[in-house]
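This report looks at how the chains of one model are arranged and how they meet. The sequence and structure come first, and the description follows.

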Number of protein chains: 4
Amino acid sequence: MTLTAPSQTFRTARRVEFSDTDAAGIAHFTAFFRYMEQAEHELLRSVGLSVFMQVVGQEITWPRVSSKCDFRSMAKFEEVLEIAVNISRLGEKSITWSFRFTIGPREVASGEITAVCCRVAPDSSLTSTPIPPLFLAKLRPFLTPVP
Amino acid sequence: MTLTAPSQTFRTARRVEFSDTDAAGIAHFTAFFRYMEQAEHELLRSVGLSVFMQVVGQEITWPRVSSKCDFRSMAKFEEVLEIAVNISRLGEKSITWSFRFTIGPREVASGEITAVCCRVAPDSSLTSTPIPPLFLAKLRPFLTPVP
Amino acid sequence: MTLTAPSQTFRTARRVEFSDTDAAGIAHFTAFFRYMEQAEHELLRSVGLSVFMQVVGQEITWPRVSSKCDFRSMAKFEEVLEIAVNISRLGEKSITWSFRFTIGPREVASGEITAVCCRVAPDSSLTSTPIPPLFLAKLRPFLTPVP
Amino acid sequence: MTLTAPSQTFRTARRVEFSDTDAAGIAHFTAFFRYMEQAEHELLRSVGLSVFMQVVGQEITWPRVSSKCDFRSMAKFEEVLEIAVNISRLGEKSITWSFRFTIGPREVASGEITAVCCRVAPDSSLTSTPIPPLFLAKLRPFLTPVP
């Protein structure tokens with residue numbers, strides 16, 4: 001018998017700023033990709049990690065290999081988006097973050113960012129590398145079990 | 001026997017501006033979503049259309065319902081991205097634009113934007129509507145036949 | 001004898017997000033102009049106002065006529081900027097907001113935005129207009145007496 | 001008798017992109033600061049320089065110490081801004097770039113960026129340094145004589 005803890009959801013919020021809006025009067029679709037990344041970084045900070053950090057003397061970073069977002073309804077200036085963050089896939093070398101944006105009961109958008117764990121060489125070149133155990137331990141609670 | 005004209009590709013280019021870069025020294029991933037939209041609008045202008053326009057006395061616009069991008073390699077400050085634009089799906093009420101970014105022979109990214117044709121009501125509310133014949137006629141040449 | 005209340009300072013904070021940074025590894029200078037506007041809007045909300053609002057049946061808004069910023073030191077990814085907001089000039093039809101950015105004891109930047117009070121006509125055109133008494137009453141406490 | 005060549009003006013243009021607009025339907029004021037920087041970098045490229053470059057084995061860069069912009073009229077989506085660039089001050093260690101934005105005969109905005117010439121140390125720290133003769137020679141033609 002396997003007992004698994006229910007997955008944890010990280011929750012944050014972000015107000016639509018005037019500079020995020022466009023001439024259609026709503027948050028420009030590219031703003032959601034910024035919001036997703038900001039929520040990812042906030043989750044990392046909440047568990048003592050950073051998207052740029054030294055792990056066992058090695059600089060680790062997470063270039064994005066893919067991102068997508070589906071838009072269901074519009075978000076206007078000064079509305080506050082609630083953002084729920086989970087991890088939908090935790091691979092050996094990559095993470096897929098998933099994000100759900102709501103305003104009260106209204107669905108606004110949902111999206112994903114897939115990032116690959118990389119070591120930064122002294123010449124700034126990147127090589128993919130297994131996710132360090134420190135990251136795995138702190139991020140696994142946010143993994144959503146696939147139904 | 002059906003004779004179909006080979007599909008047309010719209011080509012443009014865009015230099016990575018300093019404000020597009022991030023602390024990792026490369027174009028931030030969100031910049032590609034802006035580049036995609038700018039290339040879409042440039043294609044529309046090239047055939048005499050606009051993303052906001054009056055068609056038969058009716059204001060038409062194209063809210064985004066979905067967008068995604070896959071990143072293969074990095075683009076640095078001042079590099080010039082060549083952008084190839086096609087239409088991968090032309091539905092009754094929606095268009096899926098597809099974009100391929102290269103720097104010389106190097107693949108950099110490829111992505112999509114799906115937009116829905118909408119009428120703008122006097123109170124600014126949007127209702128999806130069939131794509132006007134004017135748009136269909138001018139955009140069909142960019143449709144890529146699915147293999 | 002004139003008794004004047006000491007001026008009030010509105011304080012907020014903003015973290016340097018990764019999308020705000022540039023290839024020099026610091027917050028891009030244009031990010032400070034966004035931060036200033038966001039702090040202005042936050043101050044307005046804190047006193048029950050908005051940068052777009054109906055006042056006595058009239059839509060009022062505040063186009064910018066001037067903005068400037070001086071940069072003293074750099075702000076890095078994930079640093080938290082403390083922002084102090086005052087009003088350095090409250091004219092009949094315009095406001096000059098002043099902003100001071102610090103990180104702990106370190107001066108980072110200081111800037112200004114001057115905005116003009118305008119009525120929005122039904123055709124969206126703007127006409128400058130005296131600042132409504134409601135705004136004057138709520139904003140006067142933030143006016144810094146000129147030494 | 002002194003003979004001075006009339007100063008040279010660098011001219012470029014930039015279309016207002018949809019992502020540059022805001023809910024007021026015009027180019028957001030922060031977009032002009034991006035446009036100014038992009039025009040500065042374009043001028044540098046036009047004379048064979050770059051804002052990041054090796055000069056006599058030394059990495060040189062130009063952090064901004066000040067920027068401002070005055071706004072006279074509005075720029076809408078898809079309008080093309082003509083940008084005239086000059087240098088209003090060429091100091092021993094700093095440059096003040098000046099920019100004038102027009103749409104046909106209409107004045108839209110004018111602004112400045114002041115940048116300081118710095119050497120980049122191996123640890124990425126910056127130290128101000130006299131502008132290299134190579135830069136002076138190539139930039140002096142753009143200096144506007146003060147009347």
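This is a predicted model: local features need pLDDT of at least 70, side-chain atom pairs count only at pLDDT 80 or more; totals for chains, interfaces and linings use all residues.

**Chain B and chain A**

Each side brings a set of residues to this contact: 20 residues from chain B and 20 residues from chain A. Of the interface residues of chain B, 100% are also interface residues in chain A, so the copies meet through the same surface.

About 1,600 Å² is buried between chain B and chain A, and carbon and sulfur atoms give 68% of that area. Three residues, B:Phe29, B:Phe33 and B:Phe71, supply 29% of what chain B buries against chain A, more than any other three residues.

Which charged or polar links join the two chains? There are 0 salt bridges between chain B and chain A, while 8 residue pairs are in polar contact.

On the side of chain B that touches chain A, α1 (29-46) and β4 (64-71) each supply at least two residues. The largest share, 8 residues, comes from β4(B). By class, the residues of this side are 11 nonpolar, 4 polar and 5 charged.

The strands also pair across the contact. Strand β4 (residues 64-71) of chain A and β4(B) run in the antiparallel sense and are joined over 5 bridges. One of the residues in this pairing is A:Ser66, whose bridge partner in β4(B) is B:Asp70.

**Chain C and chain B**

Chain B also meets chain C, in a contact that takes 8 residues from chain C and 8 residues from chain B. Together these two chains bury about 680 Å², with 72% of it on carbon and sulfur atoms. On the chain C side, C:Phe18, C:Ala23 and C:His28 supply 58% of the area buried against chain B, more than any other three residues.

Across this interface there are 0 salt bridges, and 4 residue pairs are in polar contact. The side of chain C that touches chain B has 3 nonpolar, 4 polar and 1 charged residues.

| Chains | Buried area | Share from carbon and sulfur atoms |
|---|---|---|
| Chain B and chain A | about 1,600 Å² | 68% |
| Chain C and chain B | about 680 Å² | 72% |

Conventions
Residues are numbered from 1 along each chain as its sequence is written. Chains are lettered from A and ligands numbered from 1 in the order in which they are written. Side-chain values use heavy atoms; hydrogens and water are left out. Contact means heavy atoms within 4.5 Å. Buried area is the accessible area (1.4 Å probe) that two parts lose on being put together, summed over both. A salt bridge is a side-chain nitrogen of Lys or Arg within 4 Å of a carboxyl oxygen of Asp or Glu. A polar contact is a pair of N or O atoms within 3.5 Å; within protein, one must be able to donate a hydrogen and the other to accept it, and residues adjacent in sequence count only if both atoms are side-chain atoms. Helices (H or I, at least four residues) and strands (E, at least two) are DSSP runs, numbered from the N terminus. Ala, Val, Leu, Ile, Met, Phe, Trp, Tyr, Cys and Pro count as nonpolar, Asp, Glu, Lys and Arg as charged, and the others, Gly among them, as polar. Two strands pair if DSSP finds at least two bridges between them.
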